[in-house]
Amino acid sequence: MVGNRAWFAGLFSGSGKRRQVSAEKIVLDLTPLQEQRLQSLKERLNVPYDETRTDHQESLRALWNASFPDTELTSLVSEQWKDMGWQGVNPATDFRGCGFVSLENLLFFARTYPASFKRLMLKQQGMRTTWEYPFAVAGVNISYMLIQLLELNSVRPKSLPGINFIKVLTEHEDAFDVLYCIAFEMMDAQWLAMRASYMQFKEVLEATRQQLERELSLEDLNGIHDLPACNLLYK
């Protein structure tokens, strides 16, 4: 049964045996490919969710269909959204904190790793509490946490996680989206390990950020699959 601290510590033990390096030893000189991919990602972050845009509406419907393929969504403003963990009847209000990218992240997760997505959304693993974290809102928070951790709103990252992420982005154009999926799995694992309840979500998210920061500081990190937590994901 998943949910004890020993299990969680063992899961990420691989990162503890690998060397971490200081950002002071790294000179950041971006290649044209890195410049292009980083700029493309930053442009995504600047797109607010607009419920009047047809493409944004279609993405929201696609998220519902990927999440509940056997249930028809009656309207983009509906009580049904609460089943997915949105705060109210209109997810647009929750996207305001992070923009369209947070919807893109959730949709990428649902389409690329459907088994992991469904397991987390439906809380199918581990000893669960009565007051669980709201899945969709948690996803928006994870998007925001990653943007801050990787310093994507800065001209250039100065921290090692941000610098190493650019290396990863060279190998994987979808690195940010995949990292989002990994972070979501890490957060849920932390939730179970801490036997957390709703009021502890902020604490769980901070613990997740710290673990992710350690993994992104590994000396031999070149690709997304070098992250020890990557083994949490499955299709």
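A pocket here is an open set of grid points with protein on both sides within 12 Å along at least five of seven lines, and its lining residues have an atom within 4 Å of a point. The model is predicted. Its largest pocket has a volume of about 200 Å³. Helix α8 gives the most to that pocket's lining, and α8 also crosses helix α6.

**Largest pocket: lining**
- Gly85, Trp86 and Gln87 are among the lining residues.
- Pro134, Val137, Ala138 and Asn141 also line the largest pocket.
- Tyr198, Phe201 and Lys202 complete the lining.
- The contribution of α8 is three residues.
- By class, the lining has six nonpolar, three polar and one charged residues.

**Helix pair α6 and α8: geometry**
- Helix α6 spans residues 100-112.
- The axes of α6 and α8 come within 9 Å and cross at roughly 115°.
- That angle makes α6 roughly perpendicular to α8, because angles of 65 to 115 degrees fall in that class.
- The crossing of the two helices is right-handed.

**Helix pair α6 and α8: contact**
- On the α6 side, the contact residues are Val101, Ser102, Asn105 and Leu106.
- On the α8 side, they are Phe135, Ala136, Gly139, Val140, Ser143 and Ile147.
- The residues of this contact divide into six nonpolar, four polar and no charged.

How values were computed: Residues are numbered from 1 along each chain as its sequence is written. This is a predicted model: local features need pLDDT of at least 70, side-chain atom pairs count only at pLDDT 80 or more; totals for chains, interfaces and linings use all residues. Side-chain values use heavy atoms; hydrogens and water are left out. On a 1 Å grid over the protein atoms alone, a cavity is a set of points where a 1.4 Å probe fits but cannot get out, and a pocket is an open set with protein on both sides within 12 Å along at least five of seven lines; lining residues have an atom within 4 Å of a point. Grid points are joined across faces, edges and corners, and a volume is the space filled by probe spheres set on the points. Helices (H or I, at least four residues) and strands (E, at least two) are DSSP runs, numbered from the N terminus. Ala, Val, Leu, Ile, Met, Phe, Trp, Tyr, Cys and Pro count as nonpolar, Asp, Glu, Lys and Arg as charged, and the others, Gly among them, as polar. Axes are lines fitted to C-alpha atoms, for helices over the stretch in contact, and angles run from 0 to 180 degrees between N-to-C directions. Angles under 35 degrees count as roughly parallel, over 145 as roughly antiparallel, 65 to 115 as roughly perpendicular and the rest as oblique. A crossing is left-handed if the near helix is turned anticlockwise from the far one by less than a right angle, and right-handed if clockwise. Contact means heavy atoms within 4.5 Å.
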